[in-house]
There are 2 protein chains.
Amino acid sequence: MISRRRTRQVRVGGLKVGGGAPVSIQSMTKTKTSDVARTIREINVLEEAGCEIVRVAVRDASDAESIKKIKHRIRIPLVADIHFHHRLALKAIENGADKIRINPGNISKPDELSRIVKAAKARRIPIRIGLNSGSLPREGRESTVHSSQSTRFVSYALRYIKTFEEMDFRDIIISLKASDVVSTVEAYRGLAKACDYPFHLGVTASGLSKGGTIKSAIGIGALLLDGIGDTIRVSLTSSSLEEVSAARHILSALGLRKFGPEIIACPTCGRCGVNLVDIVKEFEARVTPKDPAVKVAIMGCEVNGPGEARDARIGIAAGKGCGVIFRNGKILRKVREKDFVKELLKELRR
Amino acid sequence: MISRRRTRQVRVGGLKVGGGAPVSIQSMTKTKTSDVARTIREINVLEEAGCEIVRVAVRDASDAESIKKIKHRIRIPLVADIHFHHRLALKAIENGADKIRINPGNISKPDELSRIVKAAKARRIPIRIGLNSGSLPREGRESTVHSSQSTRFVSYALRYIKTFEEMDFRDIIISLKASDVVSTVEAYRGLAKACDYPFHLGVTASGLSKGGTIKSAIGIGALLLDGIGDTIRVSLTSSSLEEVSAARHILSALGLRKFGPEIIACPTCGRCGVNLVDIVKEFEARVTPKDPAVKVAIMGCEVNGPGEARDARIGIAAGKGCGVIFRNGKILRKVREKDFVKELLKELRR
């Protein structure tokens, strides 16, 4: 079991982030936000897939204006992502954003920041201080003989936090996305020791589906294992749906959330006497998030099969063309290969 | 930079494992080992993809016999995976296996173990003590009020190590695969403090391609971030080629190995003014492992683009239908969207 870092709790619309709330899943639309119809469609598909907070890019007045219309037709909390222009932040807040994300690396004038903070306070919405190593002042981005990139990154974050606290604003979520996985993990670990604000985790610019998923799983996963992280976003140069699916896999791999049955299956080798890959694929395709969130083991042979299958609520350990089905550590019966999926589903739904 | 755990060095065929050697990539064939032609074909395809050590299941005398023939027609070190039958281990060693993997959880008779160890010593080949939580004695598998599963797992590993050391055998690699990611990471971390043998990392029974890759990336990645791990295997209920590709992505994401250019790309959002996904896909398809192993950033907008692209050797930050190309932090020129890939390749290969 992972022991989670104690953080302050912040509310994003109806959702709690931090302070013991379940780690929530975020994504960001790929549409132009002022294309209201397409943006709403993307958000609703994302919600269906398990997205719990959605972010939209607010690049101009027309994007900021669209927030009002979008808010009326979606159910999950909406975050406005703003860079450079503090007026867009003010407009987004006015139009009902449930949270805004700014990067003080590019909205840094004290009076501009102060107007944003005042507006957020009046509406009681949180602000994410979303730092990216790429947009820090030059001296913050580079390692020196005296300190690593991540140490300097943390000290910038603390400086911005102090600015917000001086305005008596503590409705803060923080993200620290460095340019690589190692520095990102180091930066979050460093900041975790220095404050109790909830963290939004992510690895920036991670890349295409496969490589990006792996980078994100390592970075986000290593931090979650430490108990660090309150809401996560997997960034992929791919569809936002894939981001949500990867986020769910990360959280369920760590036992932090459950989304239907967890399937464990062996990699198959020369010992396997059934067509395991197809069996697992078919089983995975037929279970739904509404099925009981228990562990189901589908193992190709007698080596690790019985032991690992016994740890699962339900399991099959295959032999040659057949297998034994277990439940809570007890062998129920012998089943034929062609009935594996049917029998597992029957036991699962019993 | 990751500071790696100091471990003893072991040789597997011509390859060094531990003691500062690069973290190596393993996979395991999915064929029946006695199907020599198919096994050799799978191994040679795996080698081409970057596999550096390959394991085959030795289930019966005919598998053990095949090792001789396979060894003659492959170039990478061959590991024989043996369960239950110590005679198969002896046969595999006799037939030229470069390493054997046994699980003392199922070959536990002292005289059987001792015969295997003597044979390995005579041939100067290492043994992997490959523990799986599923095949531990019952009392080792369960948490009690006094100790977690992983603590008991570590104490079993130390007991087996002691047995080998008492036979004056130290050519050991260890793996500790528990039934879930959290316990696996805990177990390896625990054992890392208690011995200096090199570790083979993996998450067992991880599942189909996507979920399995994510579980493995978290578990293996978190340990590698700690400096733990000397050789890795991603287990997937999928093709062995996918295992090798995922392993490469894990190592390169952490900067531990380099396999051609590392592409970083933004996830795209409403700010993106070019068709970034297709550009990145095309670029990724056209680079080869022989291209310089530098960071190439392909960013969709001006927000994080220039900063993060500047950290890369070469980069593009896109605007609307065009972009600027950077090299070592200096803007080279403006390029049109349709020329992005061509211009990046030109700069990369210059």
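Colleague: Start with the two chains. How many residues of chain A are in contact with chain B?
Modeller: 80 residues of chain A touch 80 residues of chain B. Keep in mind that this is a predicted model.

Colleague: What area is buried between chain A and chain B?
Modeller: About 6200 Å². Carbon and sulfur atoms give 59% of that area.

Colleague: And how many salt bridges cross the interface?
Modeller: The rule finds two between chain A and chain B. Glu262(A) and Lys215(B) meet in a salt bridge, at 3.1 Å from N to O.

Colleague: Let's switch to chain A by itself. How many helices and strands are there?
Modeller: Chain A has 12 helices and 15 strands. Its C-alpha atoms fill a box of roughly 75 × 50 × 30 Å along the principal axes.

Colleague: What share of its residues is buried?
Modeller: 61% of the 350 residues in chain A count as buried. Chain A exposes about 13300 Å², and carbon and sulfur atoms supply 50% of that.

Colleague: How are the charges of chain A placed?
Modeller: There are 61 positive and 38 negative ones, and their mean positions are 2 Å apart.

Colleague: Back to salt bridges. How many are there over all chains?
Modeller: The structure holds 56. One of them pairs Arg286(B) with Glu282(B), at 3.1 Å from N to O.

Colleague: What does Arg349(B) pair with?
Modeller: Asp291(B), with the closest N and O atoms 2.8 Å apart. This pair links distant parts of the chain, 58 residues apart. Arg349(B) lies in the segment after α12, and Asp291(B) is in the loop between α10 and β12.

Colleague: How covered are those two?
Modeller: Asp291(B) is buried, with a relative accessible area of 8%. Arg349(B) is partly exposed at 45%.

Colleague: One more pair. What about Lys338(B) and Asp339(B)?
Modeller: Their side chains meet in a salt bridge, at 3.4 Å from N to O. Lys338(B) is exposed at 66%, while Asp339(B) is buried at 9%.

Colleague: Which residues of chain A join into one network?
Modeller: Arg327(A), Arg333(A), Glu343(A), Lys346(A), Glu347(A) and Arg350(A), through salt bridges that share partners.

Key: Residues are numbered from 1 along each chain as its sequence is written. Chains are lettered from A and ligands numbered from 1 in the order in which they are written. This is a predicted model: local features need pLDDT of at least 70, side-chain atom pairs count only at pLDDT 80 or more; totals for chains, interfaces and linings use all residues. Side-chain values use heavy atoms; hydrogens and water are left out. Helices (H or I, at least four residues) and strands (E, at least two) are DSSP runs, numbered from the N terminus. Buried means under 20% relative accessible area, exposed over 50%, partly exposed in between (1.4 Å probe, protein chains only). Accessible areas come from the Shrake-Rupley method with a 1.4 Å probe; for residues, only the protein chains shown count as cover. Lys and Arg count as positive and Asp and Glu as negative; His and the chain ends are not counted. The place of a charge is taken as NZ of Lys, CZ of Arg, CG of Asp or CD of Glu. Contact means heavy atoms within 4.5 Å. Buried area is the accessible area (1.4 Å probe) that two parts lose on being put together, summed over both. A salt bridge is a side-chain nitrogen of Lys or Arg within 4 Å of a carboxyl oxygen of Asp or Glu.
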